[in-house]
Amino acid sequence: MSSTHAFTDNLLQRLREAAAAIGQNVAFMEVCGTHTTSAFRCGLPSVLPPNVRLISGPGCPVCVTSQGDIDRLIDLGARRDVILCTYGDMLRVPGRHGNLENARVRGGRIEVVYSSMDAVKLAQKQPDREVVFAAVGFETTAPATAAAICEAQRLNIGNFSVLASHKRIIPAMRALLTDGEIPKIKGFLCPGHVSVIIGSEVYQSIVDQFGVSCVVGGFEPPQLLSALVCLIELVVNNKTALVNQYPEAVHARGNRWALTLLEKIFEPGAARWRGMGTIPDSGLILRSDYQSFDAARRFNLPEPQEREPAGCICGKVISGAALPGQCRLFGRACTPISPIGPCMVSSEGTCSAWFKYGKSNQRTIPPAHLNELLEVSS
Amino acid sequence: MNRPSVNHATAQLHATPAPFTHIALAHGGGGQLTDALLRDIVMPRLGNPALSQLLDSGIIPGGKLALTIDSYVVQPLFFPGGDIGRLAVSGTVNDLAVCGAHPRALALSMILAEGLDRKVLERVLDSVAATAGEAGVRIITGDTKVVGSGQADGIYLTSAGVGELMGHPLPHPDHIEPGDVLMINGPIGEHGLAVMLAREMPEVESALRSDVSPLNGLIEHLRCAVPEVVFMRDPTRGGLAGVAADLAARTGLRINLEETHIPIRPEAKHAADMLGLDPLDIANEGKVFVAVRPAQAQAALHAMRQHPQGRESQIIGYVTSEKDGVCTLHTSIGGWRVLQKPYGEQLPRIC
């Protein structure tokens, strides 16, 4: 048996023992799309003891963007005087009048970029067109948007702006804990990527105020398991705590450079979340010195109108109040090729993960002689 | 063993994608949507006993020759480890070889865009010639068309191949039996990831190289050692997941793959993680998925490992007697999940 096997077997054993010691149902929540996908991909649901539940929360950046913000982006993308730069997974999110892909087919100039800096470069190359960067995502992508704004200012590029709907995770976690509709959770599996930026210390206020544990975890299956074991053993020992189980990437105070940049360009403000309404301080608003980069202001965009697609329960799925299988559209009218809600669009969305990986506990037991062969081959 | 209950995942596996009115890019992804296109549009019109087999090559009535054809529209034309010319020869040679055919001749059709640099065409055709030499096959006929600038993207190639069916019995999915052992000749995901990185993130430096190569040498070596190879398939579009899930669905038997036995290089794993993709879904162009009877598994593995293209061969799974047509994956943490054929194309994620 390899050392990795021995390590994960030991974690599984501890998980089972802790779950048995608790003896009642216990739920935790992950708030990171990469954790959601990683958990499904490694078959985590099939090894969880029956009384332990890991609920997927608002961790997918595409999914949490409000319908009104999506509609504004698509309207902007359809304008002939604008080049809209967006990350690829926003292309197929449905809006009031089709999606960005449809807007492109109708003649809108929509460019997929992998970095906010590509949008700045494009603005530099095309000085006679307005270039708008669709700035979505949590604290992971927000520093890149801030850096792009700094660069555009440094180069005195007047035709670059951003339509920002960046989100901050901690106010959302607080909102979840005060919302009566969400199942009671004993702890958060805190997002690895976001925590690289914001650090682990910031979760202490949630531990202190709400009495739920916060464990920062990595994305490899053993790291995920390890974080889960930590969360459940805290419950067994009747403790709540903040634990950083991803110290190789996450420092207590985060990435100072990125945080300073964020603070220079943005300030916290109210933001609209899909399915969770407006949450105070959960967004990043351009500071007054940088409002000339605000596309909403530059193009005098109307206030977004929030309207969920008929029958879609993405809002509930995002906040952990419902499972994808409870949606009557799931897998029928709503599939990855014709998604109705955003959770089916992004590869990190909960519905997409359910669609791809299923919720399966199927085991296949090999005949004994095959086990031997497998051992020989490895 | 108890029959598993049909849960959400299996029900979904057999669900039919919604009817479509227009062709989407995803219909060409080699996944469930490609199947839907074939089933709903192609087969009702063109179906016949040879085509309906849906094998990598069609068997010409008489049973002595196999015929195959494939088009290549890859961008960029040159990528780490290969180019469109190498791909056009390897893909067609491999489609013949996995059906048990010895490639005898190829035909090559070129669609060139007006304005294409002559040097680019020369480089692509040099690569076609070199790869054909490697595979021991000649291009004996061809066609050239030029279309207006903007109507095509540089070069599109189509290659057809004829092969002589060799040995008995021929590999075929219908010969799969419970207990059969599944193997692959090396690490997965490298072609699709190398091309995706070259196309989408040219500024990223990676050690990843496409595995594109003709496999007829390896396959003939294997079939000399183990003439009764049960089934072979090259896991191109749709990846290893696509081939394994397809085989389970087609045979109606349960198939299981062992994740920790599936070879993958760290650079491929990292690239897939960065793009938010599952390496099991990603195209290979120099890999063959092989099924043999358990008594011959060791001999087959030994033979494959003797060949330069099979040094990293592994036994990766097996077929069981459960009759539910489901493919499972036993994961690295000892968990289980259903392995499905990819749905359509996957978009790289944000962060």
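As a predicted model, it is read with confidence limits: local features need pLDDT of at least 70, side-chain atom pairs count only at pLDDT 80 or more, and totals for chains, interfaces and linings use all residues. Residues are numbered from 1 along each chain as its sequence is written, while chains are lettered from A and ligands numbered from 1 in the order in which they are written.

The C-alpha trace of chain A spans about 70 × 45 × 45 Å along its principal axes. Of its 378 residues, 53% count as buried; a residue is buried if 20 or more other C-beta atoms lie within 10 Å of its own, exposed if 12 or fewer, and partly exposed in between, with C-beta atoms placed from the backbone. Among contacts in chain A between residues at least 6 apart in sequence, 77% join residues at least 24 apart, a contact being two residues whose C-beta atoms, placed from the backbone, lie within 7 Å.

For contacts in chain B between residues at least 6 apart in sequence, 82% join residues at least 24 apart.

Turning to the sheets, chain A holds an open sheet of five strands in the order S2-S1-S7-S8-S9, with parallel pairing; two strands pair if DSSP finds at least two bridges between them. Its edge strands are S2 (52-56) and S9 (242-244) of chain A, each of which pairs on one side only. On average, neighbouring strands of this sheet are turned by 20 degrees against each other, direction ignored; the axes are lines fitted to C-alpha atoms, and angles run from 0 to 180 degrees between N-to-C directions. Strand S1 (residues 26-30) of chain A pairs with S2(A) in the parallel sense over five bridges, and A:Val26 has A:Val52 as its bridge partner in S2(A). In chain B, strand S7 (residues 155-165) pairs in the antiparallel sense with strand S2 (residues 65-72) over eight bridges. S7(B) also pairs in the antiparallel sense with strand S5 (residues 101-113) of chain B, over eleven bridges. Within S7(B), B:Ala160 is the bridge partner of B:Ile69, and B:Val162 is that of B:Ala105.

The largest nonpolar core has 121 residues, of which A:Val132, A:Ala134, A:Leu163, A:Leu228 and A:Ile232 touch the most other members. Such a core is a set of buried Ala, Val, Leu, Ile, Met, Phe, Trp, Tyr and Cys residues joined through C-beta atoms within 7 Å. Helix H12 (residues 221-236) of chain A gives the largest share of this core, ten residues. Not counting residues up to four places away in sequence, A:Leu228 touches A:Leu15, A:Phe28, A:Leu54 and A:Leu189. A second, separate core of 88 residues includes B:Cys99, B:Leu108, B:Val195 and B:Ile315.

The peptide bond from B:Gln75 to B:Pro76 is cis, with omega near -5 degrees, and B:Pro76 sits in the loop between S2 and strand S3 (78-79) of chain B. A:Asn156, although not a glycine, has a positive phi of about 55 degrees. This A:Asn156 lies in the loop between helix H8 (142-154) and strand S6 (160-166) of chain A and is exposed, with 6 other C-beta atoms within 10 Å.

Notes: Helices (H or I, at least four residues) and strands (E, at least two) are DSSP runs, numbered from the N terminus.
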